Amino acid sequence: MFKREKVVYTPIQGVLGIGDDYHVYEMTLWERLAAAGIGVLAGVMVGYVFFNLWSVAAVLSVAGAIGMQKPFKNFLQKRRLKKLLLEFKDLLETLTASYSAGQTTVQAFADARNDMEDLYGEQADIVTELTMINAGLLHNYNIEDLLLNFAQRSGLDDVDSFASVFEVCNRKGGNLKQIVTESRNVINDKIEIEMEIRTMVAASQNELNIMMVMPFIMMLSMRGLGDIMTGNSLTNLVIKVVALGIFGAAYVVGRKLVDIKL
């Protein structure tokens with residue numbers, strides 16, 4: 001039996017040797033502490049409410065603080081990419097106005113950088129990307145290579161499609177204004193459809209969140225029954241562990257059902 005080697009992901013570098021790879025997310029200290037806090041809170045709730053033992057709560061808190069790091073990291077990464085897509089949509093709005101005014105590509109991206117900074121602030125990802133693109137243009141890099149590199153690092157299908165079409169259009173003398181406008185319209189339609197779908201499933205998501213809290217409320221309200229609910233006999237422990245397992249599995253399945261990807 002040959003042992004399969006673990007594949008190590010190599011981050012994609014920017015054309016200028018800088019730039020984030022959005023496939024990789026590095027949490028800050030505060031984000032790690034926030035994830036640990038959520039895990040500790042969940043551990044205390046499960047340990048105290050279900051088992052009525054602070055020792056169990058302490059063990060589950062440590063496990064929760066460690067186990068919550070990866071899910072919270074994935075949540076932050078998805079939120080960052082979603083924000084980047086919205087910023088990219090606004091970038092296309094600005095580029096459309098610039099090309100309509102007859103500006104060159106260099107002028108259009110320079111103005112877009114200033115507009116995005118006014119709209120989102122200097123620390124925004126789209127502003128950082130435009131800063132690198134403008135620096136690359138000043139150093140005689142091709143705009144196509146800069147956009148394709150941005151698309152590779154972002155992993156966003158809309159950015160990749162725009163960069164690919166822009167490359168062909170720019171090299172063969174196509175209508176850049178039309179390309180930017182159509183790309184903007186496609187992304188706008190996609191975002192509108194996603195918002196409509198999220199509105200449709202909002203009720204189901206709220207129901208799922210309520211169902212996640214209900215077992216804790218029920219356990220607290222049944223404390224008056226005495227040892228039947230708060231005791232930790234072997235039978236009670238088995239029942240509680242099985243119930244928690246069923247509850248956790250139901251929540252995971254529920255999240256997959258209401259988490260619609262476009």
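The structure is a predicted model in which local features need pLDDT of at least 70 and side-chain atom pairs count only at pLDDT 80 or more, while totals for chains, interfaces and linings use all residues. Residues are numbered from 1 along each chain as its sequence is written, and side-chain values use heavy atoms, with hydrogens and water left out.

**View 1. Helix α6 and its cover.** Helices, here DSSP runs of H or I with at least four residues, are numbered from the N terminus. Of the twelve residues of α6, ten are buried, so that this helix is mostly covered; among them are I143, L146, L147, L148, F150 and A151, together with E144 and R153. The cover over these buried residues includes α3, α4, α5 and α7, where contact means heavy atoms within 4.5 Å. The end C-alpha atoms of α6 are 16 Å apart, which agrees with the 16 Å that its twelve residues should span at 1.5 Å a residue, the expected span being 1.5 Å times one less than the number of residues. After α6 comes G155, with a positive phi near 75°.

**View 2. The buried side of helix α4.** Helix α4, residues 105-120, reaches 22 Å from its first C-alpha to its last, close to the 22 Å expected for its 16 residues. Its buried residues are T105, A108, F109, A112, R113 and M116, and they lie on the same side of α4 because they cover an arc of only 140° around the axis, taken from the directions from the helix axis to the C-beta atoms. An α-helix has 3.6 residues a turn, so residues three or four places apart point the same way. Among the elements covering the buried residues of α4 are α3 (69-100), α5 (125-138) and α8 (176-221). G121, which follows α4, has a positive phi near 95°.

**View 3. R80 in helix α3.** R80 lies in α3 and is buried, with a relative accessible area of 17%. Leaving aside neighbours within four places in sequence, R80 is in contact with D20, Y22, V24, Y25 and D125.

Terms used. Helix = DSSP H or I, 4+ residues; strand = E, 2+ residues; numbered from the N terminus. Buried < 20%, exposed > 50% of the residue type's maximum accessible area, 1.4 Å probe, protein only.
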